[in-house]
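Visitor: I would like a close look at a single part of this protein. Please take it slowly and then show me what surrounds it.

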Amino acid sequence: MKVVVLGAGVIGVTSAYYLEKAGHEVTVLERREGPALETSFANAGQISPGYAAPWAGPGVPLKAVKWLTMKHGPLAIRPRLDPALWSWLAMMLRNCTEARYALNKSRMVPLAEYSRDSLRELRRQTGIAYDERTRGTLQLFRTQKQLDGAGKDVAVLDRLGVPHALLDHDGCIAAEPGLAAARDRIVGGLRLPQDETGDCRLFTAALAALVARSGEVRYGVSVKAIVHDGRKVTGVSTDTGIVKADAIVTCLGTCSPALLAPLGLRIPVYPVKGYSLTVPIADEAAAPVSTVMDETHKIAITRLGRTIRVGGTAELAGHDLSLRPRRRAPLEFAVSDLFAGAGRLADATFWTGLRPMTPDGPPIIGRAALGGLYLNTGHGTLGWTMACGSARVIADLVSGRTPDIDARDLGPQRYES
């Protein structure tokens, strides 16, 4: 079958890889001049299945008010007359209950675990390298209230059989020696030893090169519309002409809703702007070993080769990609407060990208009502964590096979009721 994959970020490229493995003739269309040049370019670098959780949860509305008033708060809202934003926020608020949080997390963690295992298999089969480390993730708590509140996440991890350990401040420093100078600011942490780290951009670029050996990856091509005959897709209209297709997989992140709306398919994916710093390491001993999640500031600090990637903040500002200097301060504060002297902040690279977020948390993976149209989008902050598993699921669906995990509740149909 001729399958066209839209988008060459980590979701699109992994989808293309597994579709090729399934025996399909694959063409990838990407508007940029290369792979992983948007959301996948400089994300936090963590592959954290155990940390896979929806942003919508009990107490989040009250926490959001606090975050908006913090000096180095993780949330910023730039008010705008945007019906999509207010509709998305309303849907998110409806998911801020204990029951919905548990349900949504139970949909996310198995996919993320499956994805991590699939990535390990891909790594063995291809020998691909991307500054990967398999040293776990540490969710760091600065207050006793945060540590006590970890109970609901631990209960889900227990139920799903995900290895984890609650640590006191000495245990946190044993796992991440660079935290020793911040001992007085640490109460404890939740360690997830099976989590990994790696440079998403390096991975995506290397995998795209493998895809191009047997398929076609076309850069600098802008997708205009999905072409169909009323029953099923027949191709893609681009700025260079029509590309014929038997099946289309939409992996366009925050651009997916605009492409799908003319087909009558409205998906609640909204851009949540994030920022990152890539900091050259100055002191190996003071640098993180793997990933530390600062729970207070919602910032991830990750070791990637000879650099430290500091990623976080959530800014609701539509599709605006301007770099706002004031959003750099929380990132610099978090890494210098926890890993003082570890990196050369003056030489850091500042970046921003748009995370494609759903209001309930899980991505949208599945068939659309229009024959031959498939969606693999809306992964939010977890695209790197869920990429390989999501791609395997979509390749199975396109091929008419039952996926290895239960993905029935991940499709766009969940928003129809």
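At which residue does helix 11 bend, and by about how many degrees?

Guide: Keep in mind that this is a predicted model. Helix 11 covers residues 383-398, and the bend is at Gly389, by about 30 degrees. Just after the helix comes Gly400, where phi is positive, at about 80 degrees.

Next, the surroundings. The largest nonpolar core has 56 residues, and those that touch the most other members are Val5, Leu19, Val28, Leu122, Phe203, Val249 and Val393. Helix 11 gives the most to this core, with ten residues. The core also draws on two domains, taking at least three residues from each of domain 1 (2-41 + 202-268 + 361-415) and domain 2 (50-98 + 132-197 + 270-357).

The structure holds one cavity of 30 Å³ or more. The volume of the largest cavity is about 110 Å³. Its lining is made up of 18 residues, and Pro54, Trp55, Met357, Thr358 and Gly361 are the ones nearest its centre. Helix 3 (83-94) and strand 18 (349-357) are the elements that give two or more residues to this lining. Sorted by class, the lining has eleven nonpolar residues, six polar ones and one charged one. Domain 1 (2-41 + 202-268 + 361-415) and domain 2 (50-98 + 132-197 + 270-357) each supply at least three residues to the lining of the largest cavity.

Finally, back to the backbone. Asp131 is not a glycine, yet its phi is positive, at about 60 degrees. Asp131 sits in the loop between helix 4 (98-126) and strand 5 (137-141). Its relative accessibility is 36%, so Asp131 counts as partly exposed. Thr313 is another residue other than glycine with a positive phi, in this case near 70 degrees. Thr313 lies within strand 17 (residues 307-316). Thr313 counts as buried because its relative accessible area is 3%, and the cut-off for buried is under 20%.

Technical notes. Residues numbered from 1 in each chain as written. Predicted model: local features only at pLDDT ≥ 70, side-chain atom pairs only at ≥ 80, totals over all residues. Heavy atoms only, no water. Bend = angle between axes of the 7 residues up to and from the residue. Helix = DSSP H or I, 4+ residues; strand = E, 2+ residues; numbered from the N terminus. 1 Å grid on protein atoms, 1.4 Å probe; cavity = no way out; pocket = protein on both sides within 12 Å on 5 of 7 lines; lining within 4 Å. Points joined across faces, edges and corners; volume = space filled by probe spheres on them. Nonpolar A, V, L, I, M, F, W, Y, C, P; charged D, E, K, R; others polar. Domains from an automatic or database assignment. Core = buried A, V, L, I, M, F, W, Y, C linked by side-chain atoms within 4.5 Å. Buried < 20%, exposed > 50% of the residue type's maximum accessible area, 1.4 Å probe, protein only.
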